[in-house]
Amino acid sequence: MPQRFANIWFRHLITDWVVTERPELAGEPFVLAAPERGRMVVRAASAKAIENGIGIGMVAADARALFPTLEVIDDQPGKAAELLTELAEWCIRYTPIVAIDVPDGLMLDITGCAHLWGGERAYLKDIIIRLRQKGYHVSAAIADTVGSAWAVAHFGHDKRIVQPNRISDALMPLPPAALRLEMVVVERMQKLGFYQIRNFINMPRSVLRRRFGQQLLDRVDQAFGHAVEVIESIKPAVPYQERLPCMEPIVTATGIQIALRRLLEMLCRRLVKEGKGLRTAVFKGFRVDGKIVQIDIVTNRGSFHVGHLYKLFELKIATMEPALGIELFLLEAPVTEVVNEVQEKLWNTNAGQDNVNLIELLDRLAGKAGIKTIHRYVPDEHYWPERSIKLTRSLQEKPQTSWRTDRPRPIYLLPDPLPIEVAAPVPDYPPMLFRLNDYVHNITKADGPERIEREWWLDQGMHRDYYCVEDQSGVRYWIFRLGHYDNEASKWFIHGFFA
């Protein structure tokens with residue numbers, strides 16, 4: 001698929017924004033000025049002010065001499081960059097790759113996107129109309145390269161869409177400034193009579209380099225497609241993404257559900273072809289008022305099962321507020337993984353964590369209660385009880401060692417041992433009773449001790465002597481003495497509970 005780019009030029013970016021904030025200034029001459037070397041210098045001028053000879057760089061006092069009623073507003077440093085960032089994020093509804101074109105434009109990589117709006121003409125028209133509705137005077141163009149799109153947007157007059165492989169026809173009648181050259185170079189070329197690109201484009205490259213520098217040749221190559229020019233998107237593009245524009249804004253839950261299912265079918269078909277499944281997915285709705293509403297899901301294993309993924313999203317659809325309507329739906333899968341084809345069996349009693357039904361059940365539970373409420377632990381190669389297990393984020397992760405079965409271990413291990421008061425007769429004998437939370441447990445049965453040494457290569461400290469004990473109620477506990485027996489310094493702790 002040939003690459004296509006769109007450039008959007010905001011002719012009066014800052015002053016258009018000022019008018020949206022202060023509508024009474026619409027059609028009036030005004031400027032934004034900032035101090036420079038002790039003087040207030042014009043940084044931006046409204047269209048009416050420009051028509052009357054006020055330009056950027058003029059001293060504000062001189063401008064006011066031309067128009068005594070001219071309003072001078074303090075400039076806001078960094079506001080242009082802030083506005084361009086907001087507009088770039090808004091334009092993501094048209095393409096996932098949007099870059100800021102300093103100082104007053106945006107560059108869009110629209111490859112494979114325009115057909116969703118019915119073609120490039122309708123696509124460009126929609127962008128221009130909506131930006132003008134926001135109050136911005138814009139000029140936009142579409143071409144094969146970044147440079148040619150910029151040139152036509154800034155200096156083109158009639159055709160704003162350059163047909164594929166017709167860059168030369170569009171650029172030849174344009175002035176040298178359309179190649180994004182420095183003003184010094186442009187002025188030098190005009191003095192030599194090079195008023196159009198066709199006047200010098202066929203001259204030997206060595207002559208052009210000697211007269212105007214390497215920048216001219218680089219810009220020519222970029223504009224005509226002889227050199228690659230990469231644009232840096234404000235947000236990294238998600239490889240797995242599907243879009244669904246709406247002819248009319250969607251305001252009902254039923255419409256949102258239909259859009260979601262259609263996008264899931266489109267995305268899952270692609271995932272199946274590539275042997276992948278999604279682990280996380282984000283469903284976004286771009287509203288008419290410019291805001292974005294979204295919901296997301298997480299799965300325990302890569303999945304491309306449309307019905308299952310739809311059920312996970314369905315639990316959250318009610319939280320999407322369409323307001324005046326959603327005009328574009330977007331489904332992204334930022335995290336995917338390779339999925340092996342699983343052969344379904346009528347009877348499968350040994351599937352364990354590979355059981356698809358089990359995995360989908362866990363996904364639904366996580367969707368209702370939250371992903372942080374479901375945990376899976378696997379054994380870890382450590383002697384110290386607190387380190388003998390570890391939390392895993394995937395059902396597919398295989399344990400590096402087996403669960404220990406040669407010694408009794410509690411079904412519930414406290415994250416931090418709790419101190420208890422113990423009455424013990426002699427060294428290495430289990431205690432006769434212990435007190436926990438002001439309740440005395442009389443021990444009727446006991447097994448131990450089992451000595452567990454501290455892992456000296458990780459930390460320093462005393463060993464533990466563990467006992468499995470049972471009280472008068474038949475409840476079993478895992479307790480230990482820290483260090484060697486000492487009538488005065490011995491400390492006892494409870495560390496776990498048996499079933």
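**Exercise 1. Work out how strand E1 is paired with E7, and where the two strands sit in their sheet.**

Step 1. Begin with the pair itself: E1 (residues 5-10) and E7 run antiparallel and are joined by six bridges. Strands here are DSSP runs of E with at least two residues, helices are runs of H or I with at least four, and both are numbered from the N terminus. Two strands count as paired if DSSP finds at least two bridges between them.

Step 2. Now widen the view. The order E5-E6-E1-E7 makes up an open sheet of four strands with antiparallel pairing. E5 (97-101) and E7 (138-143) each have a single partner strand and stand at the edges, so one side of each is left without a neighbour in the sheet.

Step 3. H4 (residues 79-91) lies across E1, E5 and E6 (105-109), running at about 25° to E6. Axes are lines fitted to C-alpha atoms, for helices over the stretch in contact, and angles run from 0 to 180 degrees between N-to-C directions.

A word on the model: it is predicted, so local features need pLDDT of at least 70 and side-chain atom pairs count only at pLDDT 80 or more, while totals for chains, interfaces and linings use all residues. Residues are numbered from 1 along each chain as its sequence is written, and side-chain values use heavy atoms, with hydrogens and water left out.

**Exercise 2. Find which residues of helix H10 are buried, and what covers them.**

Step 1. In H10 (residues 214-224), the buried residues are Leu-216, Leu-217, Val-220, Asp-221, Gln-222, Ala-223 and Phe-224. Buried means under 20% relative accessible area, exposed over 50%, and partly exposed in between, with a 1.4 Å probe and protein chains only.

Step 2. Their cover includes H6 (146-155), H7 (167-171), H8 (183-191) and H9 (205-212), where contact means heavy atoms within 4.5 Å.

Step 3. Follow the chain onward: after H10 comes Gly-225, with a positive phi near 85°.
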